[in-house]
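I wrote down what I looked up and what came back, beginning with the contact between the chains.

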Amino acid sequence: MTGPLLITASGYWNPLVWLAAFAIILVIVLIIRSSGTKRFKKGTDQTLQFFSGNRPPADNVDPDNLYWGFSRKLERYTAWLRSWHTGIVNDYAFAFAVLIIIIFAALAFGGVL
Amino acid sequence: MTFLVEHGPAIAIAIPFLAAFTVPLVAKLGGRVRDGCVVLSLALTEFVVLMLAGDVLANGVRTYALGASVPSLTAPAGFPVRIILEVDAMSALISLVAMTIAFLASLFSLKLIPAKEGLGKFFALFLLLSAGMMGMCYTGDFFTLFVFFEIVSISSAGMISFFRSGESFEAAFKYMVISVTAGLFLLFGVGILYGNYGMLNMAAIAGEVAAGHSLLDVAAISLIASALLFKSGSFPVHMWKPDVFQEAPANVVVMILTSSLVGLYVLFRILFTVFGTVSTAVAGWLIVALGAVSIIVGVLMAMPQRNLRRMIGFVAIAEIGYVMLGVGTGLVSMQPVNAFGVNALSGGLFHIVNDALNMSLIFLAACAVAYITERRDLSGVGGLAHRSAPLAVFFLIGLLAISGIPPMNGFASKLMIFESVFFLNPLLSVIGITGSILMLAVFVKVFVALFLGTPYEGKLRKTPKTMLIPMFVLSVLIILLGLFAPFAVDTLITPAAQALLDPQAYIGGVI
């Protein structure tokens, strides 16, 4: 550590510089925003969500569907992972036994001790 | 003050212990007296822990022999047979984190749990858990470690089933069965060490291990490490965590989360200090591998969850993985010590602090939402930012911190970990960064669901100040640790990392 710098393995991090940069960018954004149109009217179509040019659905998009494609693509893996999580306590004890064996085997055959 | 510091290790354990047995009696005098007793005892303990940490950082290791005429008299007949508590920068840091969370969780508890008969007993368990965590932080011998491990397990199981519903009983039963199993294997490992060396003191055993070791040590460390990995909720013994997070009261979850970090600390203490003088590269790689898999399993299982508490439980598993990734890398590069190893270790230790704060904040905020809406099932609740802005802000701060968004504290520790583990294997950095991105995705989904969109039209309770204050304090700590991360690392984390890297300092405290 040297002064306000957090030394990481191959660089450094200064949160105060980041904060200063953020403040400057925020000011620029506010300046650009202030030069925008003043014709905004509450309660009109202007306030509707942008939905690719179509009228938005009456209900909000369900948050569960936010990553629909991503979740669908990973379904096989998550289903496989879920199949481990049976909720049966015997399986928990089995996992514990497996862990003991893994650690013992790794240390004994890995030449640690 | 000198008395407090000199006897600090014992006092920090004794206060919550005594309070635990006093509170059920004091509760007969009324709810306010009971609450006052709980908060005051934990505030006093926090003060002692703080004083002790200041002393240890300034003057080095402090040793306390229970029952000795002079606390520093560890070897009455040239052999350390007494119960010895030992505090160095590492244990001071963890105890400070644990007690801060315990104090804030006790404040949060005051209005969370409906006043009903037996609340005194609940707080007795809460204080026992706090005392158990303090004991695990400060103990210098293996048998006392087992005793405190059991205290933490039993008190946790009692509190998990506090709501007395079918599901909470089931979660408590599962936790108890696996805790007892882990505890027995821990005792078995301790027994092997005792049979091998004829002693239980960690520093004394470390000295013996340095002189020569055998396959019995491998058996002992396998059993002890497995038990502690269970306590920390790492892969593949993580499955109890989502069950417990789903059913236990919010304040209990926060305490269990903290106790899992304390378990991880004890594991690191044993790997670095007791077995640190022998080659530990394989042990380090094992920790790194378990950490990486914990991240993958944690985030991938969190994504499809529809129950918020269960989802946070899986994220907690992934967060433990980051700590293991950093500290494991430090262990791999311990002999000889190199710069990226020290950096990874510091990042891992910094992430313990950040994880405790970030996860506590986000879980307390989520549970405050359940409290104000009077619903355990939060599906159908949305747009709360319009009606409860402080909760939205607290949740957002927790979300940004957990996901490692600058300038929050989580970013600083994760940056240290990612850049360091890259030198060990770039794939580890990829896993870490991907996990962090997925974590952000998971919490953005929750934030959108709970706080954005069409405002919830049901009746809302007012958020009590005793709930807002702990969340506010956690938020401030998160922001300050983020903005002044270099100072925090320099003052608290680097001394803790050095304490782990220098086993001789710990051993020298006793022998």
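**Entry 1, the contact between the chains.** I began with polar contacts and found seven residue pairs in polar contact between chain A and chain B, with both residues of each pair at pLDDT 80 or more. I note here that the model is a predicted one, and I read each value below as computed from it. Sorted by class, the side of chain A that touches chain B holds 33 nonpolar, nine polar and three charged residues.

I went on to the totals for this contact, to which chain A brings 45 residues and chain B brings 69 residues. The size of an interface is often given as the accessible area lost when the parts come together, and for chain A and chain B I recorded a buried area of about 5,000 Å², with 79% of that area coming from carbon and sulfur atoms. When I looked for salt bridges between chain A and chain B, the count was zero.

I next took Ser222(B), which is found in helix H9 (residues 215-232) of chain B. Is Ser222(B) buried or exposed? I put Ser222(B) down as buried, because its relative accessibility is 1% and the cut-off for buried is under 20%. The side chain of Ser222(B) reaches across to chain A, where the backbone nitrogen of Phe104(A) is at 3.4 Å. Leaving aside neighbours within four places in sequence, I listed Ile100(A), Ile103(A), Phe104(A) and Leu107(A) as the residues in contact with Ser222(B).

I counted four helices and two strands in chain A, and along the sequence they follow the pattern β-β-α-α-α-α. Of the 113 residues in chain A, 19% are buried. The accessible surface of chain A comes to about 8,500 Å², and 65% of this surface belongs to carbon and sulfur atoms.

The bond from Phe235(B) to Pro236(B) is cis, with omega near 0°, and Pro236(B) sits in the loop between H9 and helix H10 (240-247) of chain B. Another cis peptide bond joins Pro406(B) and Pro407(B), where omega is about 5°; I placed Pro407(B) in the loop between helix H16 (389-402) and helix H17 (409-424) of chain B.

Ser333(B) is found in the loop between helix H13 (308-332) and helix H14 (339-373) of chain B, and I noted it as buried because its relative accessible area is 7%. A polar atom of the side chain of Ser333(B) lies 2.5 Å from the backbone oxygen of Thr329(B). Not counting residues up to four places away in sequence, Ser333(B) touches Asn338(B), Phe340(B) and Gly341(B).

The C-alpha atom of Val448(B) is separated by 8.0 Å from that of Gly383(B), a residue 65 residues apart from it along the chain.

Conventions
Residues are numbered from 1 along each chain as its sequence is written. Chains are lettered from A and ligands numbered from 1 in the order in which they are written. This is a predicted model: local features need pLDDT of at least 70, side-chain atom pairs count only at pLDDT 80 or more; totals for chains, interfaces and linings use all residues. Side-chain values use heavy atoms; hydrogens and water are left out. Contact means heavy atoms within 4.5 Å. Buried area is the accessible area (1.4 Å probe) that two parts lose on being put together, summed over both. A salt bridge is a side-chain nitrogen of Lys or Arg within 4 Å of a carboxyl oxygen of Asp or Glu. A polar contact is a pair of N or O atoms within 3.5 Å; within protein, one must be able to donate a hydrogen and the other to accept it, and residues adjacent in sequence count only if both atoms are side-chain atoms. Ala, Val, Leu, Ile, Met, Phe, Trp, Tyr, Cys and Pro count as nonpolar, Asp, Glu, Lys and Arg as charged, and the others, Gly among them, as polar. Buried means under 20% relative accessible area, exposed over 50%, partly exposed in between (1.4 Å probe, protein chains only). Accessible areas come from the Shrake-Rupley method with a 1.4 Å probe; for residues, only the protein chains shown count as cover.
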